Amino acid sequence: MPARLPSWAWVSGLTVGAIAAVSVLAVQADQGPHPTAAATKPKPSASADAHPTPKETAPAPVPEGSGTGRRVVYSVGQDRVWLVDASDAARRSFKVWPGTVDPDPGKYSVGTRRQEPTTGSDGVRIEQIMYFTQEDGVWVAFSNAVDGSSPPPVEGIKTGGIRLPKADGDALWEFGTSGTTVTVVS
């Protein structure tokens, strides 16, 4: 008759086996694609072919001359936003779809915020609207389309909406509370 192992030996053996299995799975998972928050794409829509989804290639550095401290940085030339923490580290960066009216370079503050959906000046249902300036008689604000679409601006209509993919709109909404600095650069 074979010798019987004590219960602690069984528990130790099972623990070692479980650790080995988890290690193998972790190595396999690490070899797959590594999605990032900045690579999140909005849901497809009927207008997706008319205005392609912004593509992330590599994290972009925060523009020089955009200030210091906790802030939202918007580059008109790059159609990009950075969420920068108090230590001047970019916590998130993403491409955006601008309206037809660009804000002048400078420092602004998030003013009125409106979370509930409404219809934008271009007829698209939008949410998480964060107004920060007025330019040429048009309010300029960050927002995202409720359905995640990114239609091109309507020709001949002045629009100040800077549209974000849905996941980035959620992140900006959490980051950009009223009074948060918005720095606009060229």
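Trainee: Is Glu 155 buried or exposed?

Mentor: Some ground rules come with that: this is a predicted model, where local features need pLDDT of at least 70, side-chain atom pairs count only at pLDDT 80 or more, and totals for chains, interfaces and linings use all residues. Residues are numbered from 1 along each chain as its sequence is written, and side-chain values use heavy atoms, with hydrogens and water left out. As for burial, buried means under 20% relative accessible area, exposed over 50%, and partly exposed in between, using a 1.4 Å probe and protein chains only. Glu 155 has a relative accessible area of 79%, so it counts as exposed.

Trainee: Where is Glu 155 found?

Mentor: Look in the loop between β8 and β9. Strands here are DSSP runs (E, at least two residues), numbered from the N terminus. The C-alpha atom of Glu 155 is 8.3 Å from that of Thr 100, although the two are 55 residues apart along the chain.

Trainee: What order do the strands of the open sheet have?

Mentor: Strands of a sheet pair through backbone hydrogen bonds, either parallel or antiparallel. Two strands pair if DSSP finds at least two bridges between them. Here five strands form an open sheet in the order β3-β2-β1-β10-β4, with mixed pairing. β3 (90-95) and β4 (106-109) are at the edges with a single partner strand each, so one side of each has no neighbour in the sheet.

Trainee: Which strands run parallel, and which antiparallel?

Mentor: Take β1 (residues 71-75) and β10 (residues 181-185): they run parallel, joined by four bridges. In that pair, Val 73 sits opposite Thr 183. β2 (residues 80-84) and β3 run antiparallel, with five bridges, and there Trp 82 faces Ser 93. β2 and β3 also make a hairpin with five residues between them, and Asp 88 in the turn has a positive phi of about 70°.

Trainee: What lines the largest pocket?

Mentor: On a 1 Å grid over the protein atoms alone, a pocket is an open set of points where a 1.4 Å probe fits, with protein on both sides within 12 Å along at least five of seven lines; lining residues have an atom within 4 Å of a point. The largest pocket has 24 of them, and Ser 121, Thr 159, Gly 160, Gly 161 and Arg 163 lie nearest its centre. β8 gives the largest share of the lining, six residues.
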